Structures are given as C-alpha cells and as structure tokens.
Amino acid sequence: MSTRHHFEYVGTRPIRHDGVDKVTGRAAFGADFSLPGMLYGAVVRSPHAHARIVSIDTSAAEAVPGVKAIVTGRDIPKTNKKVWLGGEGALDLGDMGDNALAHEKVLYDGHAIAAVAASTLEAAREAARLVRIEYDVLEPAMTLERALAADAPILHPEMTTGGKPIPGATGPTNIAARMEIKRGDVDAGFAEADVIVEHEFRTPMVHQGYIEPHATVARVGADGRIIVWTTTQGPFLVRDACAGILHLDAANVRVVPSEIGGGFGGKIPVYLEPLAIVLSQKSGRPVKMVMDRSDVFRATGPTSGCHIVMKMGAKRDGTLVAASASMWYEAGAYKGSPYGAAAMCALACYNVPNFFVEAYDVVVNKPKVAAYRAPGSPMSTLATESLMDELARRLEMDPIELRLKNAVATGDHAPYGPKYGPIGLRQVLEAVREHPHWSAPLGPNQGRGVACGFWFNGGMNSSATVSLDSDGSATVVTGNPDIGGTRAAQAMMVSEELGIPVERVRPVVGDTDTAGYTDLSAGSRVCYATGMAVIRAAEDVREQLRLRAAKIWKIEPDQVVWEGGQARSLVAGDDKQPLSVSAIAATLAKTGGPIVGRASLNAPMAGPAFAAHICDLELDRETGCSKIVRYTAIQDAGKAVHPSYVEGQMQGGAAQGIGWALNEEYIFNAKGTMENPGFLDYRMPVASDLPMIDTVIVEVANPSHPYGVRGVGEVPIVPPLAAVANAMRSVTGIRFGQMPMSPPRVLAETTTRREEPAVAMSS
Amino acid sequence: MSAIRYEAPTSISEAIRLMQADPAATVMAGGTDLLVQCRAGVKRPSAFIDIKRIADVMSVAIGPDGLRLGAAVCAAELSENRELRQLWPGIADAASLIGSTQIQGRGSIGGNLCNASPAADTPCSLIVNRAECLIAGPAGERRVPVEQFIVSPGKTVLGPGEFLVAVHVPLPRASTSDAYLRLTPRSEMDIAVVGSAVSLTLDAHGVCSDARVALAAVAPTPLLVPDAANALIGSRLDDAAMTRAADAASAAAHPIDDKRGTIAYRRQIAGVLTRRAAAIACRRVKGGY
Amino acid sequence: MATDVSRIHVETTINGEPVEFLCEGHDTLLMALRDAVGLTGTKEGCSTGDCGACSVMLDGRLVPSCLVLAPEAQGRAVTTIEGIAKDGKLHPLQQQFLQHAALQCGICTPGFIVAAKALLDVNSNPTESEARYWLAGNLCRCTGYDKIIRAVLDAAAETQKVTV
C-alpha cells in the first residue's frame with residue numbers, strides 16, 4: 001500500500017472532542033454512574049496468601065438489615081473456556097473466574113471469596129465483615145526462589161509445565177510454562193568474543209497505578225437481559241468473559257464502557273463485573289461495585305517481578321557475537337506472565353548472530369498479573385541495555401556508536417523470527433546523537449544514561465462506522481474506550497478523508513450493542529488498527545459521495561473524481577461546479593437516502609516501535625536520594641496523527657518507568673500480606689520528582705498503514721529502567737541489578753562498594 | 001465507617017462535657033490521620049468531636065510571652081504566618097512538610113502531636129524550641145513539655161475528658177534560630193524516614209552557647225538527643241563539632257526496620273540530617289533570617 | 001448494630017449557590033458532593049488523602065474532600081470543579097489544559113484544576129518549581145506532569161496579563 005505523505009488535518013493539534021467535558025468534571029467515569037433502586041456491593045477478601053477454604057458461613061451476614069444477596073464460589077461454577085485475543089494470546093476464563101471468586105483455595109492476600117449486595121454501602125461492608133470463613137492456612141510461596149525450590153508450596157497440584165519444559169522435570173510444580181528462542185551456536189559465539197559481560201537483575205512486582213479504581217454497575221432485567229456499565233479497556237472482552245465465566249449467552253449481555261481513568265493493561269481483565277452480575281441476578285436489583293485503593297493494589301493485576309541472568313559477548317570492534325539469558329517471571333496466582341514477550345523483546349534491537357534465551361512462567365502467591373504497558377519488555381530490556389552499557393565501557397566505545405553498530409534495520413530478522421519491515425531504530429539513535437541533551441555538560445554528582453527499547457505493537461480486530469448528516473457533519477462510532485486521546489485522532493482521520501473540519505466530526509465510543517466488534521484499547525492498537533477501520537469507513541463514505549454526485553449530475557460514475565474534498569465532473573466541456581461534502585449531504589434524502597460508511601478488519605501486525613531515552617540523574621551521596629534532572633524521550637511513531645497526544649504517551653511512559661526504577665515496589669511481609677497497598681507507601685512519581693520531559697518524534701512510515709502510523713503507547717515504558725540504571729552507574733560507578741534503586745539500597749551499595757570495573761569474564 | 005455521631009462544640013467547656021458524656025468519642029481537628037484510621041478499622045469512635053468551631057483552638061497569637069498556637073490551626077495557615085516563620089523557621093519547616101498542599105489545608109500541629117506517630121514531623125521542632133502543650137480537661141488546664149507529651153506510639157499523656165487546646169512556644173533568645181529537615185524517598189508526599197530538628201544559640205563571638213537536637217522516626221517517640229546538643233555547645237560549629245554531633249545523633253537513634261527504612265539506613269541518615277539541620281540553623285542565626 | 005442516630009441537615013454554599021443536604025456524621029464531604037448533591041466531577045482515587053483527585057476548596061483553602069466530614073460544610077463555602085468555569089466560560093486554566101493536551105484519561109484533571117486554581121489565588125506568578133511542589137499532592141499516571149505544569153504556568157501568565 002502506498003503511504004500518504006501530505007496531510008491537511010493529521011499532524012495538527014486540535015482540541016480533543018471530549019476535552020471540555022473532562023476539564024469541567026462532566027465526563028462520566030465508572031463510579032459516576034447510578035441507577036434508581038441500586039444496591040451497593042462489597043467484597044470479602046482473603047487475609048491469607050495461601051489457604052484451603054474449609055467452610056463459608058454467610059448466616060450472620062445475611063441477617064444484616066438491608067442485605068439483599070450474597071454470592072460465593074458456589075454460585076459460579078467453574079469453566080474451562082478461553083477467550084482468544086488474536087495476537088495477544090488467550091485469556092483462560094477458568095482462571096479468571098476462580099480469580100474473581102475463589103472456589104477451593106485462596107491464592108493471595110486479597111483474593112475474593114464472597115460478595116454482598118445491600119441497600120447501602122455501609123450495610124454491605126458490615127455484612128462482608130460478618131461472613132465467617134474457616135481456612136486451612138498453607139505456607140505461601142512469596143518469592144521465585146521459594147516457588148522453584150524442591151520443597152516449594154504448590155499452588156495448583158494439577159499444574160504441569162507447558163511449552164518446552166526441562167526434560168526430566170517431573171512431579172508437582174509451580175512452573176506453568178517454559179519457552180526458548182535461539183539462533184546459531186551460542187557457545188561458539190561466546191568463544192569468539194573478545195569481551196564478555198554478565199549480570200543478574202531483579203525487578204519487583206509493580207502496579208500500573210491508574211488513578212481511577214475499578215467500578216461497575218450491573219443490571220439484570222426480568223427478561224434476562226443484562227447491562228453492565230463499567231470502566232474497561234475492552235467492552236467486548238468484558239461481555240465475552242462474563243458470558244463465559246457465568247455460563248450466559250453473550251447475546252444477552254450488553255456492556256457500556258464509561259470514560260476510563262487509566263488502564264495501561266490493568267483494566268483488561270474482569271474483576272467486579274461477574275460479581276455485580278450475579279448479585280444483580282440474585283437480588284433482582286441493579287448493583288454498583290467500586291474498589292477501594294487497597295483492593296486495587298491487592299487484588300487486581302500488577303505486573304511480574306522477575307529474575308534475569310544475562311550474558312553478552314562482543315568483538316573488540318563492538319560487533320555483538322553472542323547473548324544468553326535465563327528469565328523467571330512471576331505469574332502471580334495463576335499462569336500467564338509476559339515471559340514470552342520478555343524473551344522475544346530482549347534482543348529485538350540488535351543483530352546477534354548467536355543467542356539462547358529461555359524464560360519461565362512461575363506461579364507465586366501474589367495477585368494474578370495483568371498486562372502493564374509493553375508487558376515483559378521493560379525488565380528484559382533493563383538487562384540488555386545495562387549490559388550494552390557495560391560493553392561500551394569495557395570497549396571504550398561511545399554508547400550510541402556501539403548500539404548503531406549492531407542496530408537492526410529493514411530486512412534484518414527479529415529474534416522471534418520474521419523480518420523487520422521499515423523500522424526506525426537507527427534514525428532514533430541518530431536523533432539521540434544529535435540532540436543537545438546528549439552533549440550537554442553534567443553538573444557535580446550527576447550521571448547520564450541512555451537506553452533503547454522495542455515493542456511489537458498489536459493489530460487485531462476493529463470495526464468502525466462513519467455516518468454523514470444532512471448538514472455535512474459526520475459521526476464516527478467505534479468500540480474503543482478513549483484512554484489517551486484516540487477520539488481526537490479518529491475524528492482527524494475522518495476529516496482527512498472527507499475534507500471536512502475536525503470540529504464537524506463527532507467521535508463516539510459505542511457499546512457492545514451499538515458498535516461493531518472491536519478488540520481492546522490496548523497493545524498500542526487503537527490509532528493503528530481501529531484508525532485503519534475508521535479510514536476505510538470514511539473512504540466508503542467518500543466513495544458513496546462520489547457515486548451520489550454522479551447521480552445528481554446524471555453522469556456515469558467513472559466520470560466523477562473526488563479531489564480536494566470535493567466531487568468533480570470529468571465530462572469534457574462541463575461547467576458543473578464541484579460538489580463539497582456539505583452540498584451533497586444537503587440533498588441526501590432526495591437523491592437516494594442516507595450515507596453510512598463502514599469497515600471491519602483484522603489489521604496486520606502493526607509496525608514495531610523503537611525508542612531511546614536519555615536520563616540525567618543527580619545523586620545526594622550522603623543519603624542515596626536521587627533526582628532526575630533532565631530527561632529526553634525519542635521515539636519512532638511512524639506518523640503522529642495528533643503530536644500532542646503522542647508526546648503525552650512518551651512522557652507518561654517515561655514517568656512510569658522512572659517510578660519503577662527508583663521507588664515503586666510491592667512489599668510483602670513473611671506471611672504474604674501486602675504491606676503498602678496505598679499511594680502513601682507505594683511511591684509513584686509526583687510532580688516535584690520530575691523535570692520537563694523533552695520529546696522528539698521520529699517518523700519512519702509503517703507501510704501497513706495508509707498514513708504510516710505505528711503504535712506509540714507502550715514502547716515509552718521500555719527504555720526508562722535501563723536509562724535510569726545506566727545514569728546511576730555513571731554517577732556511582734556501580735551496576736545496580738536490583739530495582740528499585742531506592743535511597744536505602746543506593747546508600748548501602750555505595751558505602752560498601754567502591755567503583756567497580758565492568759564485570760569481566762574473559763580477557 | 002459506620003454510625004459515628006458528629007458534634008461541633010463552640011467552647012472548650014462544651015467539648016469537655018461531650019467527652020465526659022461519651023468516653024468513646026474522639027476529638028477531631030483536621031482528621032487527616034483520624035479519618036484514615038477510622039476507615040481502616042484501626043479506630044472505632046462513637047462520635048467525632050470537631051473542635052474547629054472553638055475560637056481558642058483556631059487562633060495564632062504572638063506576643064511578649066511567645067507563640068500561642070491553637071491546636072487545630074492547619075499547617076498551611078501556620079506556614080503563611082510571616083512572623084512565625086521568622087521567629088521559628090524550623091517549626092514552619094516542619095509544618096510545611098506535613099504532606100501535600102491539600103493535607104496542609106487540614107492537618108494541624110495538635111493533630112500531629114496527638115496522633116503520636118514516631119515519624120511525626122512537628123513534635124521535634126517544638127521540642128527543640130522548648131514548647132509546651134496546653135491541655136484542657138475536667139480538672140482545669142495544665143501544661144506539659146512537648147517532649148513529655150507523647151508516651152509511646154499512638155499514646156499521649158491525655159487523660160479521660162482531656163484534649164490539647166494549644167501549644168505554647170517561648171520567644172527565642174537573641175541569636176537563636178532553628179531548622180527541621182527530614183528524609184523522604186520522593187521529593188514530597190512521604191512519611192519521614194528520619195527527621196532532625198536543631199535549635200542553636202550563638203554568642204557574640206560566634207560560639208554556640210545553647211543547642212537542642214531532636215530526632216523523628218528513629219525511636220518509639222520523638223527523641224531528644226542531649227549528646228548531640230552537647231557536641232555543639234561550646235564550639236564554633238566547625239567540622240569536628242558537627243561530626244561529633246552527627247555521630248551522637250546516629251548513636252542515640254534506635255529505629256526499627258520497616259517498609260520505609262532499615263535500622264542501618266536510619267542511623268546513618270540521623271547523623272547526616274542533624275549536621276545539615278545544624279548548618280541551616282547556624283546560617284539562619286548569622287544571616288539574621 | 002445500627003445506633004439511633006438521626007441524619008444531619010447541612011446548609012452550605014457550593015460554587016456560590018446555597019445548597020442543603022442530609023448526611024450521616026461520618027460521611028465525608030466527597031461522598032456528600034457526589035451522592036447527596038450529585039456533583040460527580042470530584043473524584044475518589046484513594047480515600048486516604050494521597051492522590052488529590054478529591055481536591056476542593058473549603059472557604060478558599062485547598063483540601064482533600066475525602067478527609068473532610070460532610071457536616072463540616074455547614075455555613076462554609078465549597079468550590080468544586082463544577083464551579084471553576086463561570087457563566088459557561090472556561091477558566092484560563094481549563095483553556096490551557098485543553099490547548100496543551102494536559103490530560104489523557106482525564107480522571108485527575110478536576111483535582112488538578114481546582115488545586116491549580118488555589119495556587120493562582122495565592123501566587124499569581126509561580127515558578128516551575130513552585131507549581132510542581134504545590135501540585136505534588138495531585139497524582140497523574142498518564143502525563144508525566146510535563147504538559148500539566150506548562151498549562152498551569154501559561155494560565156498564570158494569561159491571568160497576569162488580564163489583571164495587571
């Protein structure tokens with residue numbers, strides 16, 4: 001497909017259509033919704049990280065005035081269905097259902113066991129406190145080490161290792177799966193290396209940290225029709241998951257997405273929705289459920305903590321010859337960490353002729369992990385980019401030159417197999433080299449780090465309709481919740497295709513009854529894949545307009561072209577004035593009826609995105625406290641439809657990565673209880689922790705998309721861990737493998753260790 | 001939270017009457033600690049006795065006697081008071097560090113003292129300024145030095161029917177100033193991992209004639225460290241004296257390991273912050289802040 | 001376990017208008033605003049005063065409404081996000097947030113705008129650092145704060161031009 005290069009609307013910065021609602025407090029998020037006669041739900045959660053449920057006695061709870069319904073695992077028979085998400089894998093509904101409401105065992109502190117609906121929230125909470133549960137408490141496996149030990153507490157007795165298990169490993173296990181990717185002969189490769197570096201890395205479990213807690217209202221009608229209003233990244237997924245978990249007919253379930261207050265992958269799974277539905281079924285009333293912040297931390301889907309051991313070898317001139325890595329990723333209570341993506345991303349930026357990467361999916365007694373923005377990649381990239389930094393030091397090479405020497409380009413093979421199409425890593429690295437930040441002098445006690453990163457980006461299924469109104473304005477409807485400004489982007493695409501102003505386009509987020517099937521707002525796919533459907537739907541409108549003009553002029557369709565936002569007659573000697581969209585729209589009723597354009601597609605795998613970040617960090621050597629004093633994010637966006645929102649993704653992802661590198665971590669005590677389930681002690685960056693974050697958008701067009709768009713939302717979180725770790729290395733002389741590099745850790749390391757040479761394994 | 005009454009007395013005696021009538025009721029100022037604890041089920045009072053409608057508890061007065069600071073005055077109002085900032089910059093430092101701008105619009109020194117957290121920021125700055133707590137109760141009013149007010153984590157000397165009405169801080173002597181510093185992992189919004197308050201008096205020759213040092217978050221209660229103060233008294237606050245004071249602070253600290261800091265880290269930082277706070281206090285004295 | 005407590009009748013002013021509502025003694029101002037009065041613009045993010053999403057002004061002072069009791073509003077003036085725009089006209093802060101694309105999901109935006117308004121009320125020309133420290137109590141997870149701070153500083157400059 002040929003990529004368009006001249007744009008009138010795409011690339012500008014209009015005010016977003018939902019903007020006024022959001023700056024005035026009018027926009028309705030999940031918890032803002034209410035229905036008459038509504039009940040309030042509360043959840044009973046396990047205080048134990050690992051236990052068998054012996055008995056549940058709800059009698060005292062039922063006696064609380066105002067209580068209308070109570071549900072336990074008995075009300076939700078187990079299922080073994082799956083929901084397929086195309087390239088993003090499958091979600092196991094059996095696991096998701098057991099996670100929503102435990103059946104035989106509780107597997108983490110906060111695991112839901114029962115739910116109550118009552119006339120007031122207080123009554124529901126009161127009743128929840130009175131549910132009596134007898135547990136047979138078991139030892140939890142709270143670390144990878146414990147989960148992998150020979151005498152490990154086993155979470156799922158029936159679990160066997162999927163993928164490529166180690167031959168000979170038998171018996172009960174917490175390893176849900178193992179995978180490998182390899183190329184060439186890694187031993188021979190290392191034998192050829194002039195320099196080898198190796199290090200171990202550990203990152204903690206961290207949370208996406210969206211500010212809006214999960215919230216749902218469900219109403220089951222007397223006719224069996226179910227409506228669920230919920231804050232979610234995927235209304236169709238909510239419908240299919242709830243239908244699967246609750247053995248319902250999806251045709252009877254309508255899911256209406258609210259505005260969403262952040263997701264980052266964490267609002268893909270369902271948690272409250274199945275509970276609210278069953279409570280509404282049992283009580284005959286609508287039920288509203290909102291999580292409190294403590295529940296969000298304890299019982300939704302953070303991302304994996306992990307342990308990575310990695311080794312890289314290069315020749316004296318900087319050419320990489322070999323790499324090997326072993327990675328263990330925490331899945332939480334049920335299988336399904338991003339171990340595979342982690343392995344595939346680790347070497348995605350470089351041509352490495354020989355490599356062996358293995359990755360393990362390990363269950364532990366922590367909440368089941370969910371996607372968090374480029375799942376798996378930030379951690380494995382921490383390992384790769386830290387080692388590249390060490391190699392550059394050992395080889396006395398400029399860090400950008402070393403990366404450019406090995407950087408993948410069009411036609412090179414990705415580590416997971418396919419050839420890269422046109423990609424922008426080299427251009428991104430060159431932009432780093434040219435950026436004033438790269439050559440700015442550093443002040444005292446400051447260090448600088450650079451790191452690059454990769455994310456595949458997703459395609460998957462999308463639908464769109466574009467309807468034309470008689471006044472020449474248009475409505476575009478898709479099923480993707482607007483997390484970061486995609487409504488504006490969609491309107492801009494319709495404008496571009498039809499030649500009408502952006503303010504004359506109404507972008508609407510539909511629900512599962514009003515929008516065509518659409519996969520999640522995730523995987524950096526909305527602007528790319530749903531955008532593609534929007535463009536095709538607008539093209540459909542444009543084609544109908546062209547045909548309508550022919551009809552109006554009573555000439556053959558092949559005598560009409562569409563140019564510059566107008567229909568023009570090709571008939572020689574014709575003095576017909578070209579017809580604008582408004583002109584044709586005004587005649588619709590008389591010339592054949594309304595015009596609605598539509599498209600639905602399964603988008604090919606989106607163009608991969610590469611980014612590089614530069615981080616300057618200042619260290620207070622006496623306390624171990626550090627401050628980011630300058631930060632620049634450079635990224636290939638293919639084509640930035642609305643540059644402000646692309647910049648916003650880059651800045652937001654960088655901030656999350658900085659928090660991950662410096663202060664964020666789940667802290668569990670020995671019994672497996674989370675000690676910091678709140679914003680006080682789960683330390684996300686605040687405004688005074690960060691400087692302005694400069695951004696540079698590189699555009700190497702993605703040929704799969706008519707405008708060249710690449711997904712932009714996820715790759716920004718991939719480089720920061722390593723960029724910050726490399727800056728810390730620069731100022732302390734110490735390679736930190738353990739995240740976060742919080743002040744006590746930094747002070748402990750800097751007072752016990754002196755400057756270390758790059759870890760040397762051979763001459 | 002369930003079924004908690006709300007009362008808003010307009011006089012001290014009315015508040016005492018309400019407390020005596022219902023011993024399970026609790027006094028409330030800004031509520032920034034109290035409401036969080038109630039929500040977590042840690043406290044279950046039968047009623048909130050909101051004292052913010054009592055004029056005596058909400059006023060700030062500076063006179064020849066010193067500062068009389070109403071217990072429920074919010075931290076923001078305190079830091080906005082220019083005269084207070086000039087006379088007791090360390091107290092203003094501490095008040096302006098209690099949480100976010102929003103929290104400072106509510107949180108009070110009285111609440112900070114009565115919550116009696118080992119990590120509280122303001123008690124130490126009050127202690128080094130020789131402040132006293134003014135307590136009202138059924139038996140009348142009494143005064144208790146701040147360093148004796150907090151007995152153990154979460155517990156004060158307040159008896160049944162008693163509540164903290166104000167804090168009194170004597171005017172500082174000439175050539176005296178103070179500072180309060182704390183360490184937090186982020187730039188804002190964290191509970192102190194360690195806090196250090198230092199008050200210094202210099203004589204005409206620049207020699208330290210008086211000093212007080214108090215540490216937060218390194219002991220069950222705010223910790224007055226006479227050894228650190230003595231290391232400074234008689235010195236010109238030279239490097240050696242500062243180091244001795246820092247070492248004394250580290251030695252006196254007996255913190256715990258918790259999710260905010262380790263024992264080793266807190267001991268080390270106690271010394272670092274004491275040295276820095278002393279340097280700031282000294283600069284303030286000399287700079288006539 | 002229900003005690004015999006009658007509800008409290010509160011008469012207050014919200015965004016310049018007299019408002020009455022009924023509440024329990026332990027209800028928060030946040031709950032009263034959202035549920036009793038129906039002003040859902042103020043958001044609940046954490047209920048422990050750590051995220052700023054519930055920011056309102058009480059007698060002109062910036063406070064976390066999740067830690068204010070509803071009966072405390074008696075006789076006081078409350079300003080919420082719904083009261084920032086006047087007579088249908090957006091405040092410069094709201095305009096600048098839109099211009100700068102200083103919001104992505106928008107959940108933190110009401111809290112930020114109220115907090116930033118409180119800042120400009122006491123400091124009409126803040127530096128970047130002053131703005132960042134004043135707004136440290138407002139968490140945003142989407143933007144990294146860059147565009148928010150730029151919007152606040154530009155709004156300050158704009159309001160200065162008008163008043164000077």
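Student: How much of chain C counts as buried?
Tutor: Of the 164 residues in chain C, 66% count as buried, and please keep in mind that this is a predicted model.

Student: Which elements is chain C built from, and in what order do they run?
Tutor: Chain C has five helices and five strands, and read from the N terminus the order is β-β-α-β-β-β-α-α-α-α. The radius of gyration of this chain is 16 Å, close to the 15 Å that the globule rule gives for 164 residues, so chain C is as compact as a globular protein of that length.

Student: What box do its C-alpha atoms fill?
Tutor: Taken along the principal axes, the box filled by the C-alpha atoms of chain C is roughly 55 × 30 × 25 Å.

Student: Switching to the neighbour, how many residues of chain A are in contact with chain C?
Tutor: On the chain A side there are 43 residues, and they are in contact with 43 residues of chain C.

Student: Which elements of chain A give two or more residues to that side, and which gives the most?
Tutor: Those elements are α1 (19-23) and α19 (643-662) of chain A, and α19(A) gives the most, with seven residues.

Student: And how do the residues on that side divide by type?
Tutor: The side of chain A that touches chain C has 21 nonpolar, 14 polar and eight charged residues.

Notes. Residues are numbered from 1 along each chain as its sequence is written. Chains are lettered from A and ligands numbered from 1 in the order in which they are written. This is a predicted model: local features need pLDDT of at least 70, side-chain atom pairs count only at pLDDT 80 or more; totals for chains, interfaces and linings use all residues. Helices (H or I, at least four residues) and strands (E, at least two) are DSSP runs, numbered from the N terminus. The radius of gyration is taken over C-alpha atoms; the globule rule is 2.2 Å times the number of residues to the power 0.38. A residue is buried if 20 or more other C-beta atoms lie within 10 Å of its own, exposed if 12 or fewer, and partly exposed in between; C-beta atoms are placed from the backbone. Two residues are in contact if their C-beta atoms, placed from the backbone, lie within 7 Å. Ala, Val, Leu, Ile, Met, Phe, Trp, Tyr, Cys and Pro count as nonpolar, Asp, Glu, Lys and Arg as charged, and the others, Gly among them, as polar.
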